[in-house]
Amino acid sequence: MNDSHFAAKKRLDSIMTALFRFGAYFAVVLLIAFVGYVMGEGCRYLTGDMLSFSEKGLGNQFFNTLYLVFLSLIFSAIGGIPAGVYLAEYAHKGHLVKWVRMAVETLSSLPSIVVGLFGYLVFIVMTHSEWNMLAGALTVSILMLPLLTSVTEDALRTLPESYRLSSYGLGASKWQTVLHVLLPAAFPRIMTGLIMAAGRGFGEAAALMFTAGMSTDIHWDDWDLSSPSCPLNPLRPSETLTLHIWALRTEALEANANEQAAACSAILMILVVSFSLIARYMSYRIDKKMGGN
Amino acid sequence: MNQLQKAIAKAHRNDRTAKILITACGVCMALVPILIGLFLFYRGTDTFTLFHHSLTEFLFSGEWNPGDTAEGGGKVGAAMFITGSLAVCLLSLILTLPFSMAAAIFMTEIATPKARRLLQPAIELFTGIPSVVYGFVGLTVLIPFLKSIFPMPFSFSLLAAGIVLAIMIFPTITTMSADALAAVPKSWREASYGLGATRWETIAHVVIPAAKGGIATGIILGLARAMGEALAVAMVIGQMKVFPKSLFLPASTLTTAISADMGGAMEGGEYNAGLWTMALLLFLLSFAFIFLIHYINDLSTLKGEKK
């Protein structure tokens with residue numbers, strides 16, 4: 001009886017192991033197939049024509065995506081890095097800190113369409129303006145804020161206490177310590193956070209639908225910043241790659257809509273994956289360096 | 001005053017200014033979600049104050065026919081969008097949970113550490129992939145595929161939306177659960193093996209119960225993501241304004257209704273107000289999810305500390 005009991009136990013164990021193995025493999029194969037499909041399908045259509053800065057090409061949308069993410073990184077760095085410094089260096093334990101932390105957490109879990117509506121209300125409706133890139137960048141920067149804040153806080157917290165003490169010992173004030181010792185030492189980690197945030201920014205769509213607008217009209221020989229078709233003017237409507245996919249798949253006005261959407265997806269996938277790989281590699285290097293000390 | 005004293009005075013001044021500015025930044029950060037909440041509240045309550053609909057009508061009535069004018073007088077019942085959202089979320093959770101759990105358990109308990117170091121980052125990569133890309137693949141691959149196996153009157157369906165969302169929340173749930181499983185002390189497993197338990201018994205009776213707080217957090221985060229996802233769902237669900245009656249029929253969710261109609265609805269009209277109320281509901285739901293996570297964390301840390 002004992003023997004059969006053990007045999008049953010072992011059989012169940014190997015059945016369950018096989019099930020877990022199957023589940024995991026199935027999921028991984030599905031994910032690989034997903035990436036393979038997007039890349040394969042997209043690269044087929046990635047011709048010179050598709051990459052051109054014309055009506056038919058994706059060049060303008062690509063430029064808009066990069067420019068918009070760049071602007072929103074600047075805005076969220078201005079807000080998020082000091083907030084992280086506050087949490088790591090200036091905050092005392094108390095209600096205020098709890099409140100700020102709760103806010104960071106709430107922001108990071110808000111659906112992007114809700115943040116997009118907020119951006120639409122504040123930056124478009126209340127300023128009586130047309131859809132523009134600045135509004136989109138500000139909205140996306142709200143979505144990036146929590147990530148940058150927590151990355152900055154973590155980066156400062158992992159610095160050894162001796163950095164602070166030796167700086168104080170040399171007679172530096174707290175602000176001098178933060179500015180000249182801690183922030184430079186934490187810079188690689190903060191940079192990693194910025195790259196991660198950029199990776200997320202590229203994929204943002206729902207927050208931009210009602211802020212950045214779904215059209216783009218750039219003339220590449222127009223460098224007058226106040227003109228609505230100047231590439232660098234942030235106050236023009238600017239459709240990004242993600243919005244372009246959305247517009248193509250729901251409105252499908254253009255003949256080669258399917259090809260364009262496939263190419264857009266592949267470009268986005270390359271952008272997002274390469275940024276997140278860079279961020280990963282950087283934090284791997286930092287950990288190795290820190291661990292080696 | 002000599003030069004040194006001047007420099008010291010300047011440093012003190014800068015120190016004070018920096019402290020004020022940085023604290024102000026921290027406080028501003030805390031104000032952002034409150035501002036978002038206030039603005040949504042201000043716009044979202046118009047349905048009830050300006051157009052005199054009741055909360056029960058909004059939550060439980062299926063009659064969605066608001067007037068696109070400032071006079072109002074239509075019906076603002078969002079029940080079909082709410083049930084649509086719930087149905088899609090639950091469906092995606094049911095579809096993804098077995099695979100997430102299998103993958104998480106496989107990574108932490110069965111695979112070699114080397115395989116885990118390769119698998120986990122690979123799965124995490126997928127959390128960053130833009131939702132429109134998921135929607136695009138759903139539209140071009142999944143929908144024709146589903147149509148070829150099931151008899152469906154339209155190509156778009158609740159099932160397609162559920163599958164797309166399931167793939168989207170798989171990485172979130174899997175990585176959170178794997179982290180929770182990996183945090184269970186090795187000695188607990190060894191103690192279980194020492195008592196003669198097999199690997200499956202150890203997993204089922206020791207590791208999973210010990211990690212259930214973290215797993216629950218992962219599931220809630222996944223649900224929150226599914227609830228707030230707009231475009232990927234909108235691309236495959238068909239956006240038909242009906243109750244979700246069948247897996248194979250189109251439906252609508254809160255997010256798809258907002259993304260489809262907000263651009264066209266008249267500013268200040270009843271239709272517009274109804275959509276803002278839905279946005280407010282989404283905001284409150286994501287707040288509720290956070291409280292739930294905190295509640296679960298409090299429960300599981302208390303238990304952990306007793307050991």
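**Exercise 1.** In what order do the elements of chain B run from the N terminus on?

*Solution.* In this predicted model, begin with the inventory, which for chain B comprises twelve helices and two strands. Placing these elements in order from the N terminus then gives α-α-α-β-β-α-α-α-α-α-α-α-α-α. As a next step, compare the radius of gyration of chain B, 25 Å, with the 19 Å that the globule rule gives for 307 residues; the value is well over the rule, so chain B is more spread out than a compact globule. The C-alpha trace of chain B spans about 80 × 65 × 35 Å along its principal axes, and buried residues account for 47% of the 307 residues.

**Exercise 2.** Describe how α5(B) and α7(B) meet.

*Solution.* First take the geometry: the axes of helix α5 (residues 113–125) of chain B and helix α7 (residues 158–182) of chain B come within 8 Å and cross at roughly 145°, and the crossing is left-handed. Next list the residues, where Gln120(B), Ile123(B) and Glu124(B) from α5(B) meet Pro171(B), Thr174(B), Thr175(B) and Ala178(B) from α7(B). Finally classify the residues of this contact, which divide into three nonpolar, three polar and one charged.

**Exercise 3.** How many residues of chain A are in contact with chain B, and which element of chain A gives the largest share?

*Solution.* Counting both sides, 71 residues of chain A are in contact with 63 residues of chain B. On the side of chain A, the elements that give two or more residues include α1 (2–45), α2 (59–90) and α9 (257–292), and the largest share, 17 residues, comes from α1(A). By class, the residues of this side of chain A divide into 48 nonpolar, 14 polar and nine charged.

Note on methods: Residues numbered from 1 in each chain as written. Chains lettered and ligands numbered in written order. Predicted model: local features only at pLDDT ≥ 70, side-chain atom pairs only at ≥ 80, totals over all residues. Axes fitted to C-alpha atoms, helices over the stretch in contact; angles between N-to-C directions. Helix = DSSP H or I, 4+ residues; strand = E, 2+ residues; numbered from the N terminus. Left-handed = near helix turned anticlockwise from the far one by under 90°. Contact = placed C-beta atoms within 7 Å. Nonpolar A, V, L, I, M, F, W, Y, C, P; charged D, E, K, R; others polar. Rg over C-alpha atoms; globule rule 2.2 N^0.38 Å. Buried ≥ 20, exposed ≤ 12 C-beta atoms within 10 Å, placed from the backbone.
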